Amino acid sequence: MPIWLSSINEVYKKDITLLRILVILIVFQVASSVKVPLYNESRLPTTITPFHYDIRLITYLDSPSNLRYHGSVNISLHAQKYTNQLVLHVGNVFVEAQKIRLHGEASDYQLMNVMFNKDRANMVLTFDKSLRMGKSYILTIAFGRSMSKEKKDGYFVLHYVNARTSEKIWYSVSHFDRNLIRNTMPSFDEPALRATFNVTMGHHRRFQSYSNMNVRAVLPNHELQDYVWSVHEVTPLMPTHLLALSVNNFTCRFTQAASAYPVRFRTCSKSADVRETSFAAEVAPQLLTFLDELLQVRLPLDKIDQLVVDNFPSSAVEQLGLVVYRSKEILKREDGPMTRTKMQALQLIAHEMAHMWFGNLMGIDWWSDLWLKEGLTGYFEALAVDHLQPGMGRRLLLRHREMAFMYESQVAGMSLVPLFPPASPESEEHLYQKAASLMGMVNGFLGNATFYDGLQRHLWQNSFASSSPDLFWRSLQLASERESFETKNWNVKGIMDTWIMQKGYPLVTVIRKGS
Ligand SMILES: [Zn+2]
């Protein structure tokens, strides 16, 4: 366990000493009576499920030498079984062990032991008595850290230079996908564990707070001059990796999707870039409207923020209600010709908009099913691109298929599962391309009526939850069987499993005889 402590000794040096003593004290107290092994499984136990996070987090961006945050989280839990242990994720973040509390409906629980597993980024909390099956509890943990530019921290800082004053302006942004929130705060960080999130962000009044949902109130901070609390609306059910946090002083453009349920867009960047955000601001609502009409499944959102930041570690990351783009890829003006780089920006925006349904509204149980959400996203990205640039989406799908074939012939085949963690960024890119091509193929052989009937029902049934390949094939199979006038008896799972589970692709050789 002390190994974990040594990994964070660059932060909060004074407090670390205190924490080290306290944690050692806690372990020492029970060492003679309680022997707690490390939790060494890759998945969390199913004894506990979280259903709500109440997060209060304050970010300090004023002093470049002391950029930091701290906060506390109340996690509401259901006990699925009798247990006196909670196992949750915690990585490279400072946790105040002495402030960990567990409240039950009838009584409070005393923490007896904290055991950290650095390799698995988890901690086991052992309490003095057992949680009762079927009952709810609230786990309270305080956390914090100094902030760096490292993406692996989950919640990190970036900066720009004010051209007029030459001042460096620091701002914060999160990138939790796929398992980085554990380096920001303790959490049950698995894609199937959906919960609602109530986010309250503390920050200097010259900044604004951004998260998945709108700010519903800005309240004064009575303990810290010039600081305020931005209280965000509660999110729908979503997994931890979709949580989004940012504190910045960006300038925004406002546009709106003309869908049946209007979604307002805010596209925000440093003020020097705001003229160059017009393309993203204008096309994102059009793409969302197209997908909304095509899918006929309502999103649980009335706003989507698009943050455009310099030196973001990925080209983009989609979170429910908040997408972050790297400025290099996205800063384009709406007017002028459709250049190749503008086309790539359109693809990127279409991809992130499609993720609002595939990945966000309906997720996956585990990362081995990544191809399912990326395949559906990639396919609908192409359809949305085709809507705004007729013919281009079709060419995009064709290119995906050719690239997938070419890659597979070079690496002697690639199945889509299991592939987490992916062998390389290159193989992951090809996973996206192959999976999108296969979605086009299944749409092709089932026909639009069957495919969309099955897909829409699948989305309705699995909104705010997880899908799996077997569930998806089953939905398409049932849709196929409902088409009573058709005599085709597709075995959708039987057909698709061969493409998904096996490496390579069928090679049909045709030899012409005669002239
Ligand atoms: Zn994606």
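Modeller: Two strands count as paired when DSSP finds at least two bridges between them. Strands (E, at least two residues) and helices (H or I, at least four) are DSSP runs, numbered from the N terminus. The model is predicted, with pLDDT of at least 70 needed for local features and 80 or more for side-chain atom pairs, while totals for chains, interfaces and linings use all residues. Residues count from 1 along each chain as its sequence is written, and side-chain values use heavy atoms, without hydrogens or water.

Start with strand S1. It spans residues 48–60 and is joined to strand S2, residues 68–79, by 12 bridges. The two run antiparallel. Take Pro50 in this pairing: Leu77 in S2 stands opposite it. S1 also pairs with S12, and here the sense is parallel, over 7 bridges. Look at Tyr53 for an example: its bridge partner in S12 is Phe197. Strands of a sheet pair through backbone hydrogen bonds, either parallel or antiparallel.

Now follow the chain towards S12. Strand S10 covers 155–161, and Ser166 sits in the loop between S10 and S11. The phi of Ser166 is near 60 degrees, which is a positive value in a residue other than glycine. Strand S11 (168–174) comes next, and the loop from S11 to S12 (196–204) holds Arg178. Stop at Arg178. A cis peptide bond joins Asp177 to Arg178, with omega about 5 degrees.

A record gives this stretch a name. UniProt, in an unreviewed entry, marks residues 50–242 as "domain: Aminopeptidase N-like N-terminal". Such annotations may be inferred rather than shown by experiment; positions follow the numbering used here and feature names are shortened. Over residues 50–242 the chain is 54% strand and 0% helix.

Axes here are lines fitted to C-alpha atoms (for helices, over the stretch in contact), and angles between N-to-C directions run from 0 to 180 degrees.

Inside this sheet, S19 (residues 303–309) and S21 (residues 322–326) run parallel and are joined by 5 bridges. Asp305 stands opposite Leu322 in S21.

The unreviewed UniProt entry lists His351, His355 and Glu374 under "binding site". They are spread over 24 residues of sequence, yet they cluster in space, with a largest C-alpha distance of 9.1 Å.

H6 covers residues 370–388 and H7 covers residues 392–410. Their axes come within 6 Å and cross at roughly 150 degrees. On the H6 side, the residues that meet H7 are Tyr379, Glu381, Ala382, Val385 and Asp386. H7 answers with Met392, Gly393, Arg394, Leu396 and Leu397.

Terms used
Contact = heavy atoms within 4.5 Å.
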